[in-house]
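I opened a new notebook page for this structure. My plan is to look things up one at a time and write down what I find.

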Amino acid sequence: MSKPRDRLRIAVQKSGRLSEASQDLLARCGLKFRQSRDKLFCFGEALPIDLLLVRDDDIPGLIGQGVCELGIVGRNVAQEQALDPARAEPPFVEVRELGFGRCRLAIAVADEDSYAGPQDLGGKRIATSYPHLLGDWLRRQHVAAEIVVLNGSVEIAPRLGTADLICDLVSSGATLAANQLREVASILDSQAVLIGARQDYADERAELRELLLRRIDGVIRVRESKLLLLQADPSRLASVLAALPKGDPATVGALDRPAGRLSVQVVCHEAIGWAHLEELKRAGATQLLVLPVEKMLT
Ligand code: ATP
Ligand code: ZN
C-alpha cells in the first residue's frame, strides 16, 4: 500500500515526439504548472496535479513504483513493457487513447529483398528495439527468427550487416525510404495513450483522477467537434434532418423573421466538408454555419 497523497502526479515525455502534444493536452484540461521546461518536477498551480518530465521509457516503471499515478506514452512503449517476461503482471493499464503520436511497429526488408509472408522470416536476423512485441508476434506467426536488440539506429542495421531486416516504428515511411527499406507487415498500430496504475485510491487522488479523465474526454471530443447552424422551411425539415452528419440530437427552434422559418443547431463529431454542406443545401438548408467548439462538458 502506498502512502495516502492529496496530489496526483502525471508523467509525460520530457523532450521528443510526444512532449508538445502531451503538455498541450494537459493545458487544454486547464492544468497550469510552475516550472522551467528543463526541470523534472513541475508543481501544479491550478489544481493539485503535478507533472513529471522524464524519458518515455521510464514512465511505465514510475507508475509501477507508485511515483506517479498517470502517464502518457506510445502504446508501443506500454505494450513492450507489459510483455516483459521478467514482470508477472504489468502494474499499469491503458486508460485512454489520445489520438496523437500515431505510428506503427512494422517489419521492413531491404528494397531488393522479396517478401511473400511471415514464413519468409524464418532463420533471419531481425533488428529491433522492441524484442518482446516482435517475439510475441513471431510466436503467433509460428516463425523462428533471431531477434537482434538495438537501442537506436535500427534502420541502418541491414546495411551494416548486423541484421537481415528490421522491425521499427514507422509513421510516414520517409526514414525507411531513405535507408532503402520497404515496409512489408505491420505488427502493432500505435498512438499516444494515457496509462494509469491498476489500483484504486482511497484518498484525494481518486477524485482528481476522475476529474482529469472527464476533462481529457472533453478535450478529445472537442477536437473533432463542430457546431453546425442552419435554417430551413418546415416543409424541408425532415429531409434536412436526414442529411445531417452524425452527432447529438438537433435542436430545432423558430425564427422571429420570416415567421414560420426554423433554425436548426447540432453538435457534430466528425469533419464536415464542403460536399456535405452542399448536400444539406440541396436538402433544403440555408444560412449554413460551421463553428469550432472550444470546451465541452457532458
Ligand atoms: P526518449 O528520449 O524520451 O526516450 P525516444 O527517442 O524514445 O525518446 P521519440 O522518438 O521521441 O522517443 O518517440 C516517442 C514516441 O513517439 C514513440 O514511442 C512512438 O510512440 C511515437 N512516434 C510517432 N511517430 C513515430 C516515428 N515515426 N518514429 C518513432 N516514434 C514515433
Ligand atoms: Zn524512449
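**Ligand first**

I started with the ligand. I found 15 residues surrounding ligand 1, and the closest are Arg17, Arg55, Asp57, Asn76 and Ser171. I note that this is a predicted model.

Next I looked up polar contacts. Asparagine 76 places a polar side-chain atom 2.6 Å from an oxygen atom of ligand 1. For serine 171, a polar side-chain atom lies 2.6 Å from a nitrogen atom of ligand 1. I also checked glutamine 13: an N or O atom in its side chain is 2.9 Å from an oxygen atom of ligand 1. Then I looked up the cover. On its own, ligand 1 has 630 Å² of accessible area, and the protein covers 77% of that.

**Helix H1**

I turned to helix H1, which runs over residues 19-28. Which residues of H1 are buried? I listed Ser19, Ser22, Gln23, Leu25 and Leu26.

What do the buried residues of H1 pack against? I wrote down four strands by name: E1 (8-13), E2 (33-34), E4 (49-54) and E5 (70-74). Helix H7 (204-224) is also on the list.

Last, I checked what comes after the helix. Glycine 30 follows H1, and its phi is positive, near 90°.

Key: Residues are numbered from 1 along each chain as its sequence is written. Chains are lettered from A and ligands numbered from 1 in the order in which they are written. This is a predicted model: local features need pLDDT of at least 70, side-chain atom pairs count only at pLDDT 80 or more; totals for chains, interfaces and linings use all residues. Side-chain values use heavy atoms; hydrogens and water are left out. Buried means under 20% relative accessible area, exposed over 50%, partly exposed in between (1.4 Å probe, protein chains only). Helices (H or I, at least four residues) and strands (E, at least two) are DSSP runs, numbered from the N terminus. Contact means heavy atoms within 4.5 Å. A residue is near a molecule or strand if one of its heavy atoms lies within 4 Å of it. A polar contact is a pair of N or O atoms within 3.5 Å; within protein, one must be able to donate a hydrogen and the other to accept it, and residues adjacent in sequence count only if both atoms are side-chain atoms. Accessible areas come from the Shrake-Rupley method with a 1.4 Å probe; for residues, only the protein chains shown count as cover.
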